[in-house]
Amino acid sequence: MKVDRESIAGPVDTKPIIIDRKGSLKVTITPAQPKTLTHLPKRPPVDLAFTDLTYKVQEGRKSNEKIILKSVSGRLRSGELTAIMGPSGAGKSTLLNILTGYKTSGMEGSITVNGMERNLSSFRKLSCYIMQDNQLHGNLTVEEAMKVATSLKLPSTTSKEDKEEVIQEILETLGLSEHHKTMTSNLSGGQKKRLSIALELVNNPPIMFFDEPTSGLDSSSCFQCISLLKTLARGGRTIICTIHQPSARLFEMFDHLYTLADGQCVYQGSTGRLVEWLGSLSLQCPSYHNPASFIIEVSCGEYGDNTGKLVRAIENGKNDIRNGVPFPKLANYNNQKDMDLSLKNAAQWDKNDAAQIQEKFGGEVANGANGTSNLQNGLLQFAASEIAKGKGEPLVVQMDNEKQDNAEVALLGTDGSPRRYATSELKQFWVVLKRTLLFSRRDWTLMYLRLFAHILVGFLIGALYYDIGNDGSKVLSNLGFLFFNMLFLMYTSMTITILSFPLEMPVLVKEHFNRWYSLRSYYLAITVSDLPFQAIFCIIYVVIVYLLTSQPLEWFRFSMFLSSCLLISFVAQSVGLVVGAAMNVQNGVFLAPVMSVPFLLFSGFFVSFNAIPVYLRWITYISYIRYGFEGTALATYSFNRTNLACHQSYCHFKKPETTLEELDMTDADFTLDIAALCLIFLVLRLSAFLFLRWKLRSTR
Ligand SMILES: Nc1ncnc2c1ncn2[C@@H]1O[C@H](COP(=O)(O)OP(=O)(O)OP(=O)(O)O)[C@@H](O)[C@H]1O
């Protein structure tokens, strides 16, 4: 593994107060324990730029279009901590979702990575998105969660010792090492936030996006969180976060501010120059007023309608107010025509941009270049085409080699590895399976309650239908017992799995988006993980009821009976997965049992096949309960079973054939029942996967 030695400060918690000669108080913030992350894989710095970004959504009828982002531009640089601010509903989350690649449809404009058009697939490998609510599995300890992250996000070639080192370093750096044995559900809000960052830091992404990282945190935790982001930025990463209205102290910690109002950019530049810039536009920030609050108040219209003026002055994000760079010449943007003219002046923007790059990186900005890389050639061609269009003088920005390499990475769609994920799908399956089995072991409700329910109901049914299996006068009761088995196994298996996906969805969305694993590996692991438990519970239940109710003690009949019951519970589990994947919890919990009613009615217990109206018979073919009921009835009464005992003067169902005739099952085929159940099982499992994929896409 390549390693990058970079310094990163730990959580800032010591604040020595110094009184200087003039008697004024100075608070110096010193990192508690400056740490060194030596084991993170090396990543190149990445600059992200967007030009004329527009985002529209359809509302109601097709013609009703809502424009959320209106041709905004901007540049987010490596090594900087950027805040995206703005009033509520301004479009901050929308912009973040587009920049991360979380939302792609409905977007117009261009997004570039180190100057080259973004390749979304490779960009997602270079970036991570930490969403607002900490999507963590509560049933894992901090250390276990980190182990899962390293197993999935670091290549399999990384040794176990290296992975341990990465975990130790990150936990120490983020101040979580003393909580490594704590369950994540017991962590405080700030610790959860730090753990979310720690999990994504494992593969050292050069771009990190955060949606409201300080929401729900007290002022001290907010400060620690932003300090941490700042130190991550100082390590060469591009750190971008949305934030509502930070305190003045927090605001100062940001290097770069991007402010939105009504889907347009009203300020882009360093936080330190905000007040000066607004002043130049006759918007004086009152003394002792928080500049962050002031720009929000201005954007909300508390000082009159200044949005248009600000948008025009900053050219909707094409200008960037940087330290050491003079303010762009302000045109007298009186009307939309002036603004349109200005926005078309791309060459001017390029100049301004180049000056800013020069200022920041000290790189050469020259009229002409002699570089030979693809990138430089591309830039030369672009410059030449701009001259041909008469837009202005050619400008060629020489980037350092590292950035060039990375720009080519962005273009070619590879960051050294052609694979989408760091590990193979088999490895992903195995890690997710092990994690899910650990949850199952720790989830009291899921395991012990289910076991208890199967044993309790088994004995209850055994007592109710005690010793009726070989009694010719109690065949109807025995059929009731067979039907109840189906009912019980169906409901217990189905209701548990309805909740599986809705509860997992937020974590799945985050982990899948951040390229921890493929949906296929995740789905296989989740579906396989519960099968053994369900099988064990079902076997325990069937053994209890089979023996207590005195069903025929022949191995082949018991195996047939058990296999029908097992398949019914697996199919019902799959119905639960489909419902859970396709709809939300409220609808699913109501609809799944309701949807099962027709299958129960057409199972052959209430109405025999020949008595069902012809136009409704098709329902029996898709009723999995029918196949299960038929399977257990055939196991009990078919295959030349000897006559049942009769302790009364007349037993109508003494002969097993009479029972089968009554049920219209004389021609029934047990193999066909098992095959039909297997087919339904496969179709449902595939449908659950397709629904899950659809739901995952539709959430974006
Ligand atoms: N799918 C959608 N359909 C209709 N309107 C939408 C959709 N998505 C976002 N919007 C609207 O776009 C605007 C911007 O939303 P966004 O969530 O980006 O705002 P925000 O700045 O993050 O707000 P907040 O700070 O309150 O979270 C809002 O008016 C919102 O109602």
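Predicted model: local features only at pLDDT ≥ 70, side-chain atom pairs only at ≥ 80, totals over all residues.
**Stop 1: the ligand**

Start by selecting the ligand and the residues that surround it: Val57, Glu59, Lys66, Ile68, Gly86, Ser88, Gly89, Ala90, Gly91, Lys92, Ser93 and Thr94. Colour them by class and you'll get three nonpolar, six polar and three charged residues in this shell. Which element gives the most to the shell? That's α1, with three residues.

**Stop 2: α3 and α4**

Next, select residues 142–153 for helix α3 and residues 160–173 for helix α4. Their axes are 10 Å apart and the helices pack at an angle of about 130°, which makes α3 oblique to α4. The crossing of this pair is right-handed. To see the contact itself, show side chains for Met146, Lys147 and Thr150 on α3, then Lys163, Val166, Ile167 and Leu171 on α4. By class, that contact of α3 with α4 holds four nonpolar, one polar and two charged residues.

**Stop 3: the annotated transmembrane regions**

An unreviewed UniProt entry carries the annotation "transmembrane region" for residues 447–466, 478–501, 522–548, 560–582, 589–612 and 674–692. Residues 447–466 are 90% helix and 0% strand, and 28 Å separates the C-alpha atoms at the ends. For residues 478–501 the figures are 96% helix and 0% strand, with the end C-alpha atoms 37 Å apart.

**Stop 4: α17 and α21**

For the last stop, select helix α17 (residues 475–498) together with helix α21 (residues 585–601). How do α17 and α21 run, roughly parallel or roughly antiparallel to each other? Their axes come within 10 Å and cross at roughly 155°. Angles over 145 degrees count as roughly antiparallel, so α17 and α21 are roughly antiparallel to each other. The crossing of α17 and α21 is right-handed. On the α17 side, show Leu487, Met490, Met494 and Ile498; on the α21 side, show Gly588, Val589, Ala592, Ser596 and Leu600.

Methods:
Residues numbered from 1 in each chain as written. Near = placed C-beta within 6 Å. Helix = DSSP H or I, 4+ residues; strand = E, 2+ residues; numbered from the N terminus. Nonpolar A, V, L, I, M, F, W, Y, C, P; charged D, E, K, R; others polar. Axes fitted to C-alpha atoms, helices over the stretch in contact; angles between N-to-C directions. Parallel < 35°, antiparallel > 145°, perpendicular 65-115°, else oblique. Left-handed = near helix turned anticlockwise from the far one by under 90°. Contact = placed C-beta atoms within 7 Å. UniProt positions renumbered as here; feature names shortened; annotations may be inferred.
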